[in-house]
Amino acid sequence: LSFAGVPALYFHSLFGTRGDPQAVQRTGHLRSINRQKLNRIELESEMATAGSIRAQIFGGLGGLIRARQSLEALDPSATQECLDLGPQVFGMRRTAASGRWLVCLAEVAGLPAQISLDVSSGGVDRLSGERVSLDAVNLAPHQARWIDVTAGSA
(Lines give C-alpha, C1' and ligand atoms only; values in the text may rest on other atoms or scores of the structure.)
Protein backbone atom coordinates (compact mmCIF):
# COMPACT_ATOMS: atom_id res chain seq x y z
CA LEU A 1 0.00 0.00 0.00
CA SER A 2 2.99 2.34 0.12
CA PHE A 3 3.87 2.09 -3.57
CA ALA A 4 3.03 4.88 -6.04
CA GLY A 5 -0.21 4.51 -7.94
CA VAL A 6 -3.62 3.23 -6.93
CA PRO A 7 -3.35 0.08 -4.81
CA ALA A 8 -5.21 -3.03 -5.87
CA LEU A 9 -6.16 -5.61 -3.28
CA TYR A 10 -7.17 -9.09 -4.29
CA PHE A 11 -10.60 -9.96 -2.84
CA HIS A 12 -9.28 -13.03 -1.03
CA SER A 13 -6.47 -10.98 0.55
CA LEU A 14 -9.07 -8.86 2.38
CA PHE A 15 -10.30 -11.90 4.29
CA GLY A 16 -7.15 -13.97 4.75
CA THR A 17 -8.31 -16.74 2.46
CA ARG A 18 -5.90 -19.64 2.25
CA GLY A 19 -4.89 -21.39 -0.95
CA ASP A 20 -7.01 -24.32 -2.12
CA PRO A 21 -4.63 -27.15 -3.09
CA GLN A 22 -7.55 -29.57 -3.48
CA ALA A 23 -8.93 -27.33 -6.24
CA VAL A 24 -5.61 -27.64 -8.09
CA GLN A 25 -5.83 -31.43 -7.88
CA ARG A 26 -9.48 -31.38 -8.97
CA THR A 27 -9.04 -29.06 -11.95
CA GLY A 28 -5.43 -29.66 -12.94
CA HIS A 29 -4.94 -25.85 -13.16
CA LEU A 30 -2.40 -24.19 -10.87
CA ARG A 31 -4.38 -20.94 -10.73
CA SER A 32 -7.21 -22.84 -9.06
CA ILE A 33 -5.27 -22.51 -5.81
CA ASN A 34 -6.59 -18.92 -5.65
CA ARG A 35 -10.22 -19.86 -6.14
CA GLN A 36 -11.37 -20.99 -2.70
CA LYS A 37 -15.15 -20.79 -2.52
CA LEU A 38 -16.41 -18.79 0.44
CA ASN A 39 -19.72 -19.46 2.11
CA ARG A 40 -21.36 -16.08 2.70
CA ILE A 41 -23.01 -17.01 6.02
CA GLU A 42 -19.78 -18.51 7.39
CA LEU A 43 -17.75 -15.50 6.21
CA GLU A 44 -20.20 -13.04 7.81
CA SER A 45 -20.11 -15.03 11.04
CA GLU A 46 -16.30 -15.04 11.10
CA MET A 47 -16.20 -11.31 10.32
CA ALA A 48 -18.58 -10.63 13.23
CA THR A 49 -16.39 -12.63 15.65
CA ALA A 50 -13.88 -10.30 17.31
CA GLY A 51 -10.43 -11.84 17.23
CA SER A 52 -11.12 -14.21 14.35
CA ILE A 53 -8.37 -14.40 11.75
CA ARG A 54 -10.63 -13.00 9.04
CA ALA A 55 -11.78 -10.09 11.23
CA GLN A 56 -8.18 -9.32 12.23
CA ILE A 57 -6.93 -9.32 8.64
CA PHE A 58 -9.84 -7.24 7.34
CA GLY A 59 -9.48 -4.78 10.24
CA GLY A 60 -5.71 -4.53 9.80
CA LEU A 61 -5.96 -3.86 6.08
CA GLY A 62 -8.72 -1.33 6.74
CA GLY A 63 -6.41 0.49 9.15
CA LEU A 64 -3.63 0.57 6.56
CA ILE A 65 -6.01 1.91 3.93
CA ARG A 66 -7.24 4.65 6.28
CA ALA A 67 -3.63 5.56 7.14
CA ARG A 68 -2.76 5.72 3.45
CA GLN A 69 -5.72 8.01 2.75
CA SER A 70 -4.60 10.41 5.50
CA LEU A 71 -1.03 10.77 4.25
CA GLU A 72 -0.41 13.30 1.50
CA ALA A 73 2.91 11.64 0.61
CA LEU A 74 1.03 8.42 -0.25
CA ASP A 75 -1.13 10.13 -2.83
CA PRO A 76 -1.10 7.95 -5.97
CA SER A 77 0.80 10.62 -7.90
CA ALA A 78 3.39 11.44 -5.20
CA THR A 79 6.94 10.67 -6.26
CA GLN A 80 8.66 7.47 -5.23
CA GLU A 81 12.36 6.83 -4.72
CA CYS A 82 13.73 3.42 -3.69
CA LEU A 83 16.32 3.47 -0.92
CA ASP A 84 19.32 1.13 -0.89
CA LEU A 85 19.17 -0.27 2.65
CA GLY A 86 20.65 -3.71 2.04
CA PRO A 87 18.98 -7.08 1.64
CA GLN A 88 17.07 -7.11 4.96
CA VAL A 89 15.07 -3.89 4.72
CA PHE A 90 13.09 -2.62 1.75
CA GLY A 91 12.65 1.13 1.79
CA MET A 92 11.36 3.99 -0.25
CA ARG A 93 10.83 7.70 0.08
CA ARG A 94 7.48 9.11 -1.02
CA THR A 95 7.20 12.86 -1.57
CA ALA A 96 4.00 14.85 -2.05
CA ALA A 97 3.75 17.86 -4.38
CA SER A 98 3.71 20.08 -1.26
CA GLY A 99 7.11 18.72 -0.18
CA ARG A 100 5.79 16.57 2.68
CA TRP A 101 7.61 13.27 2.68
CA LEU A 102 7.45 9.84 4.19
CA VAL A 103 9.96 7.02 4.56
CA CYS A 104 8.32 3.61 4.06
CA LEU A 105 10.24 0.65 5.45
CA ALA A 106 9.61 -3.09 5.57
CA GLU A 107 11.80 -5.70 7.25
CA VAL A 108 11.76 -8.63 4.80
CA ALA A 109 14.15 -11.25 6.24
CA GLY A 110 12.20 -12.15 9.38
CA LEU A 111 14.93 -10.83 11.71
CA PRO A 112 15.22 -7.75 13.91
CA ALA A 113 16.93 -4.90 12.06
CA GLN A 114 18.32 -1.46 12.70
CA ILE A 115 19.03 1.00 9.92
CA SER A 116 20.37 4.50 9.79
CA LEU A 117 19.28 7.04 7.20
CA ASP A 118 21.36 10.06 6.23
CA VAL A 119 18.75 12.40 7.65
CA SER A 120 19.38 14.38 10.81
CA SER A 121 15.71 14.62 11.74
CA GLY A 122 13.15 12.29 13.16
CA GLY A 123 9.55 11.63 12.43
CA VAL A 124 6.39 9.90 13.51
CA ASP A 125 5.62 6.32 12.48
CA ARG A 126 2.07 6.71 11.21
CA LEU A 127 1.39 2.98 11.69
CA SER A 128 2.31 2.86 15.38
CA GLY A 129 2.24 6.52 16.47
CA GLU A 130 5.81 6.18 17.76
CA ARG A 131 8.33 9.01 17.40
CA VAL A 132 11.36 7.71 15.50
CA SER A 133 14.90 9.03 15.12
CA LEU A 134 16.10 8.37 11.58
CA ASP A 135 19.69 7.79 12.67
CA ALA A 136 18.61 4.55 14.42
CA VAL A 137 15.37 3.03 13.14
CA ASN A 138 14.55 -0.32 14.73
CA LEU A 139 12.35 -2.83 12.97
CA ALA A 140 10.96 -6.05 14.39
CA PRO A 141 10.79 -9.11 12.10
CA HIS A 142 8.38 -8.38 9.21
CA GLN A 143 7.54 -4.94 10.62
CA ALA A 144 6.52 -2.09 8.35
CA ARG A 145 6.94 1.59 9.23
CA TRP A 146 5.59 4.67 7.50
CA ILE A 147 7.67 7.47 9.01
CA ASP A 148 6.26 10.94 8.43
CA VAL A 149 9.51 12.89 8.44
CA THR A 150 7.91 16.29 7.96
CA ALA A 151 5.87 15.78 11.14
CA GLY A 152 9.04 15.05 13.14
CA SER A 153 10.70 18.32 12.15
CA ALA A 154 7.66 20.51 12.83
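Start by selecting Arg26, Arg31, Arg35 and Lys37: together they form a patch of positive charge on the surface (patch members have over 30% relative accessible area and no salt bridge, with like charges joined within 9 Å). This is a predicted model, where local features need pLDDT of at least 70, side-chain atom pairs count only at pLDDT 80 or more, and totals for chains, interfaces and linings use all residues. Residues are numbered from 1 along each chain as its sequence is written, and side-chain values use heavy atoms, leaving out hydrogens and water.

Lys37 counts as exposed because its relative accessibility is 71% (exposed is over 50%, buried under 20%, partly exposed in between, with a 1.4 Å probe and protein chains only).

Now for the salt bridges, six by this rule (a side-chain nitrogen of Lys or Arg within 4 Å of a carboxyl oxygen of Asp or Glu). Pick Arg54 and Glu46, whose side chains meet at 3.1 Å, N to O. Arg54 is buried at 12% relative accessibility, while Glu46 is partly exposed at 31%.

Next, select Asp125 and Arg145, a salt bridge with its closest N and O atoms 2.9 Å apart. This pair links strand E5 (residues 122-125) to strand E8 (residues 144-148), 20 residues apart. Both Asp125 and Arg145 are buried.

Finish with Arg100, Arg126 and Asp148, linked in a network of salt bridges. Asp148 is buried at 5% relative accessible area, whereas Arg126 is partly exposed at 37%.

Terms used
Patch = residues over 30% accessible without salt bridge, like charges linked within 9 Å, V, L, I, M, F, W, Y side chains within 5 Å. Areas by Shrake-Rupley, 256 points an atom, 1.4 Å probe, with all protein chains shown as cover. Lys, Arg positive; Asp, Glu negative; His and termini not counted. Charge placed at Lys NZ, Arg CZ, Asp CG, Glu CD. Helix = DSSP H or I, 4+ residues; strand = E, 2+ residues; numbered from the N terminus.
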